[in-house]
Amino acid sequence: MLSFFARSVLKTYGGFGPCGHTIIRAMSSSGGPTAPYTTLAISHPTPTITQVELHRPDKRNAMNKAFWREMVECFNQISDDQECRVVVFSAAGKVFTAGIDLMDMASDILQPEGDDTARISWNLRKFIQKYQDTFSVIEKCPKPVVVAVHGACVGGGVDLITACDIRLCSQDAWFQVKEVDVGLAADVGTLQRLPKVIGSRSLVNELALTARKMYADEALNCGLVSRIFSDKEAMMAGALEVAEEIAARSPVAVQGTKVNLIYSRDHSVAEGLDYMAAWNMSMLQTQDLMKSAQASMEKKDVKSIKFSKL
């Protein structure tokens, strides 16, 4: 869960050059976090696309106490938003994230409450599980989440992106499972999700045990990301294009696909097929199926179909 100390963060990233902001500004509702949030900026590039932007650029988007709480609140709200069909997650400033804001969270992590070992451990377990929920809520959200990574994606950033459905990055992006460098095993999702994202146990072990950096080209080759863009501006345009393609499809089909992909990842083929049959015995009765089939027969673009809210 930890990345590295705040002074180390500033030293490491202080020399990063400027990135493109044109698309970010166009897709953001304001120049900063959107109330009631203090770490997230929420905007709507189209009525069916929600952009969530991690917005602590002056702190290299380090994840403070508010962030961990606000992510859960935000994605729970998105899950219930009938207008939203897809989410684009990005970050403001020069880097995606430097990981945890240790200066802000040191007391919770290093001085857990409790009168003895059992009680301290019990409280620490609850603390860890609460922070695991911050990224699990992305995976549980039925709306597909497209994440766009630029610059550094360290520690908790890897936990975050592995919970997303589609990962894109700019050419300057790099990724680091940093936790072993600060004396702990990553505990909010990387060790559980990264092996299933990459597929190479050896590579995952190497990244997690050595804390070495993985750059964009290697991330593409191993499957951590599906596309690389020349810079941040091009990446954000590409992320929006992907989101628009998803949003044009039936929300019944799209959300059902996400739910079943995640279920199948964690179960056998037989179990996945059985779950799929149970799912579609009701979902196949949607009007979206007839609308899509008719449009296909008439050679109409799927974007011309008006699907009901879900």
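Which loop does Pro36 lie in? Pro36 sits in the loop that runs between α2 (22-27) and β1 (40-46), with helices (H or I, at least four residues) and strands (E, at least two) taken as DSSP runs and numbered from the N terminus. This is a predicted model, so local features need pLDDT of at least 70 and side-chain atom pairs count only at pLDDT 80 or more, while totals for chains, interfaces and linings use all residues. Residues are numbered from 1 along each chain as its sequence is written, and side-chain values use heavy atoms, with hydrogens and water left out.

**Backbone spots**

- Ala35 and Pro36 are joined by a cis peptide bond, with omega at about 10 degrees.
- Asn61 isn't a glycine but has a positive phi, near 55 degrees.
- You'll find Asn61 in the loop between β2 (49-54) and α3 (65-80).

**Helix pair α11 and α12**

- The axes of α11 (residues 251-265) and α12 (residues 269-283) come within 10 Å and cross at roughly 160 degrees; axes here are lines fitted to C-alpha atoms, for helices over the stretch in contact, and angles run from 0 to 180 degrees between N-to-C directions.
- That crossing makes α11 roughly antiparallel to α12 (under 35 degrees is roughly parallel, over 145 roughly antiparallel, 65 to 115 roughly perpendicular, the rest oblique).
- On the α11 side, the contact (heavy atoms within 4.5 Å) uses Val252, Gly256, Val259, Asn260, Tyr263 and Ser264, and α12 brings Glu271, Gly272, Tyr275, Met276, Trp279 and Met283.
- By class, that contact has seven nonpolar, four polar and one charged residues (Ala, Val, Leu, Ile, Met, Phe, Trp, Tyr, Cys and Pro count as nonpolar, Asp, Glu, Lys and Arg as charged, and the others, Gly among them, as polar).

**Helix pair α7 and α8**

- For α7 and α8 (residues 201-210), the axes come within 9 Å and cross at roughly 140 degrees.
- α7 and α8 are therefore oblique to each other, and α7 passes α8 in a right-handed crossing.
- Leu191, Leu194, Pro195 and Ile198 of α7 meet Arg201, Leu203, Val204, Leu207 and Ala208 of α8.
- The residues in this contact split into eight nonpolar, no polar and one charged.

**Pockets and cavity**

- The largest pocket holds about 450 Å³ of space (on a 1 Å grid over the protein atoms alone, a pocket is an open set of points with protein on both sides within 12 Å along at least five of seven lines, a cavity is a set where a 1.4 Å probe fits but cannot get out, and lining residues have an atom within 4 Å of a point).
- Of its 19 lining residues, Cys164, Asp165, Lys258, Leu261 and Ile262 lie nearest the centre of the largest pocket.
- α11 gives the largest share of that lining, six residues, and by class the lining has eight nonpolar, four polar and seven charged residues.
- The second largest pocket has about 210 Å³ of space, and Val252, Ala253, Asn280, Met283 and Leu284 are the closest to its centre among 14 lining residues.
- α11, α12 and α13 (287-297) each give two or more residues to the lining of the second largest pocket.
- A search of the whole structure turns up one cavity of 30 Å³ or more, and the largest cavity has a volume of about 60 Å³ (grid points are joined across faces, edges and corners, and a volume is the space filled by probe spheres set on the points).
- Leu194 and Leu207 are among the residues that line the largest cavity.

Notes:
Left-handed = near helix turned anticlockwise from the far one by under 90°.
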